[in-house]
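Here is a briefing on a predicted complex. Please look over the sequence and the model before reading on.

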Amino acid sequence: MAAQTVASTTESTVDLGPAAALSCRECGHRVPLGPVFACEECFGPLEIAYDFSAYDTEELRKRIEAGPANIWRYAPLLPVPADVATKPNINPGWTQLVKADNLARELGVDAGKLFIKDDSGNPTHSFKDRVVAQALEAARAFGFTTLSCSSTGNLAGAVGAAAARAGFRSCVFIPHDLEQGKVVMAAIYGGELVGIEGNYDDVNRFCSELIGDPAGEGWGFVNVNLRPYYAEGSKTLAYEICEQLGWQLPDQLVVPIASGSQLTKIDKGLQELIKLGLVEDKPYKIFGAQAEGCSPVSVAFKAGHDVVRPQKPNTIAKSLAIGNPADGPYVLDIARRTGGAVEDVTDEQVVDAIKVLARTEGIFAETAGGVTVGVTRKLIENGVLDPTKTTVVLNTGDGLKTLDAVAGTGLTATIRPNLDSFREAGLA
Amino acid sequence: MSVTVRIPTILRTYTGGQAEVAAEGANLGEVIADLEKNHTGIAARVLDDQGKLRRFVNVYVNDDDVRFEQGLETATPDGAGVSIIPAVAGG
């Protein structure tokens with residue numbers, strides 16, 4: 001079953017709720033809903049165009065608030081069928097928005113103004129469950145039975161778990177040298193897990209070629225041919241943050257950048273809430289966070305460029321190690337449009353930030369969370385981020401996935417099992 | 001220099017559905033010009049109005065991303081494989 005064949009035969013029957021068509025973000029060319037991801041006119045990214053015209057603001061708000069405690073409460077705003085909550089899926093989302101007063105004190109932010117959106121609470125412990133849940137519904141709609149992806153680790157686990165739940169085959173591709181924790185967390189779900197000798201960009205290139213080959217026919221690559229649907233899952237972070245703040249926009253958000261898709265979709269989600277009248281229209285700033293060892297977007301932002309020059313990644317923050325970020329130019333646009341910025345921190349600062357977040361708030365973040373907290377601190381120190389404004393910092397994954405990053409953290413003391421030994425160790 | 005060019009799905013309307021085609025040229029720019037001779041219209045999909053690679057197109061000569069090499073001036077040795085790939089994947 002070739003991808004293009006699927007596109008042409010399902011356009012009139014596919015039920016993806018309010019999703020009306022695919023529209024090129026670059027040139028506006030529209031095509032019917034289908035498993036295609038790049039514009040045939042200009043290669044630009046296709047994204048979902050919706051028809052929200054029938055919604056009454058207050059009815060929509062009530063419908064959302066009465067919905068399940070997962071992303072499907074926002075089904076009226078997503079490319080999914082209305083009965084999505086009844087289908088076998090991993091049902092991620094509605095993760096904690098933690099008021100981080102201890103961290104605020106440490107960073108010099110006003111009390112009550114700093115929040116961590118802790119997406120380590122998802123079923124496979126990263127935000128990737130949100131996007132995969134979306135992609136799974138698209139795969140179902142287009143008749144695929146195999147889920148696949150290129151992954152820096154977190155996505156591999158999310159795809160494996162979603163495929164297991166839904167009864168799909170999964171075959172996912174990762175760089176061969178990923179953290180062991182992520183390899184185990186991806187392999188445990190029983191799908192095929194293939195290491196590629198190369199970095200993430202090499203893996204991504206391979207998957208993009210596989211999709212055009214007969215060997216990849218009938219496969220739903222969540223972040224390639226299903227990417228327009230998959231990416232929409234990140235909008236739910238914006239929806240949840242605003243609803244959890246009492247249907248208010250935050251003043252500032254700090255978001256990690258890998259491909260840049262998450263940041264661009266958070267912005268899209270905020271804009272949709274404004275247009276639908278679910279939040280008051282007021283300015284907000286979006287800040288992007290990268291590790292110095294893979295900082296193509298940060299470098300471009302600081303240089304004033306509107307294109308991103310690819311880099312060869314070299315950082316412990318492997319979940320963000322995409323040297324050729326597909327949505328990089330859009331991140332630059334959004335950071336500049338909203339008055340935000342893109343900043344990067346060293347691996348040493350990442351590790352320190354992981355420890356600070358754990359020590360102050362009891363949240364053990366993976367390296368990507370160290371990047372956002374580290375960048376938040378740097379932006380405050382540089383006077384770029386306003387410590388008096390409501391700020392939401394994303395933690396997109398669980399520290400248990402990247403234990404190597406904090407290797408050496410361990411016992412305070414080893415003592416004999418008696419009180420004298422306890423006192424001698426200075427623990428009394 | 002004769003090379004093999006892998007064509008992405010969205011450009012196969014220009015190659016009669018072929019996933020791989022042969023082309024001639026000592027560098028990438030020449031290869032694309034030769035592709036255009038045999039598959040009219042394909043160059044305008046890969047290059048922008050200024051004749052540069054579109055920003056959402058990745059091109060590899062063998063395993064090397066030409067953006068890390070010399071762009072359209074990247075040499076295409078005899079027998080090389082050239083891949084044209086949409087850049088919007090991944091993440």
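The points below cover confidence, overall fold, domains, core, interface and selected residues.

This is a predicted model, in which local features need pLDDT of at least 70, side-chain atom pairs count only at pLDDT 80 or more, and totals for chains, interfaces and linings use all residues. Residues are numbered from 1 along each chain as its sequence is written, while chains are lettered from A and ligands numbered from 1 in the order in which they are written.

**Confidence**

- The predictor assigns the complex an ipTM of 0.91 and a pTM of 0.93.
- Chain A has a mean pLDDT of 94 (pLDDT is the predictor's confidence in each residue, from 0 to 100).
- In chain A, 97% of the residues reach 70 or more.
- Residues 1-12 of chain A have a pLDDT below 50. Beyond near neighbours in sequence, this stretch has 24 contacts in the model (a contact means C-beta atoms, placed from the backbone, within 7 Å).
- Chain B also averages a pLDDT of 94, and 100% of its residues score at least 70.

**Overall fold of chain A**

- Chain A holds 15 helices and 13 strands. These elements are DSSP runs, numbered from the N terminus: helices are H or I with at least four residues, strands are E with at least two.
- Along the principal axes, the C-alpha atoms of chain A fill a box of roughly 75 × 45 × 45 Å.
- Of the 428 residues of chain A, 58% count as buried. Buried means 20 or more other C-beta atoms within 10 Å of the residue's own, exposed means 12 or fewer, and partly exposed is in between; C-beta atoms are placed from the backbone.
- Among contacts in chain A between residues at least 6 apart in sequence, 69% join residues at least 24 apart.

**Domains of chain A**

- Chain A is assigned domain 1 (3-54 + 128-230) and domain 2 (97-125 + 234-406). The bounds come from an automatic or database domain assignment.
- The C-alpha centres of these two domains of chain A lie 24 Å apart.
- In chain A, 20 residues of domain 1 are in contact with 22 residues of domain 2.
- On the domain 1 side, the elements of chain A that give two or more residues are H4, helix H5 (154-166), helix H6 (180-187) and helix H7 (200-210).
- The residues on that side divide into 8 nonpolar, 6 polar and 6 charged. Ala, Val, Leu, Ile, Met, Phe, Trp, Tyr, Cys and Pro count as nonpolar, Asp, Glu, Lys and Arg as charged, and the others, Gly among them, as polar.

**Largest nonpolar core**

- The largest nonpolar core has 156 residues. Such a core is a set of buried Ala, Val, Leu, Ile, Met, Phe, Trp, Tyr and Cys residues joined through C-beta atoms within 7 Å.
- Val132(A), Ala135(A), Val159(A), Ala162(A), Phe287(A) and Leu320(A) touch the most other members.
- Helix H4 (residues 128-141) of chain A gives the most to this core, with 8 residues.
- Domain 1 and domain 2 of chain A both give residues to this core, so it lies between them.

**Interface between chains**

- The contact takes 29 residues from chain A and 21 residues from chain B.
- On the chain B side, strand S3 (57-61) and strand S5 (81-86) of chain B are the elements that give two or more residues.
- S5(B) gives the most to that side, with 3 residues.
- By class, the chain B side has 12 nonpolar, 4 polar and 5 charged residues.

**Selected residues**

- Trp94(A) has a positive phi of about 50° although it is not a glycine. Trp94(A) is buried, with 20 other C-beta atoms within 10 Å.
- Asn62(B), also not a glycine, has a positive phi near 55°. Asn62(B) is exposed, with 12 other C-beta atoms within 10 Å.
- Lys275(A) is in helix H10 (residues 261-276) of chain A and is exposed. Lys275(A) and Phe52(A) are 223 residues apart in sequence, yet 9.9 Å apart in space, C-alpha to C-alpha.

Conventions: Two residues are in contact if their C-beta atoms, placed from the backbone, lie within 7 Å.
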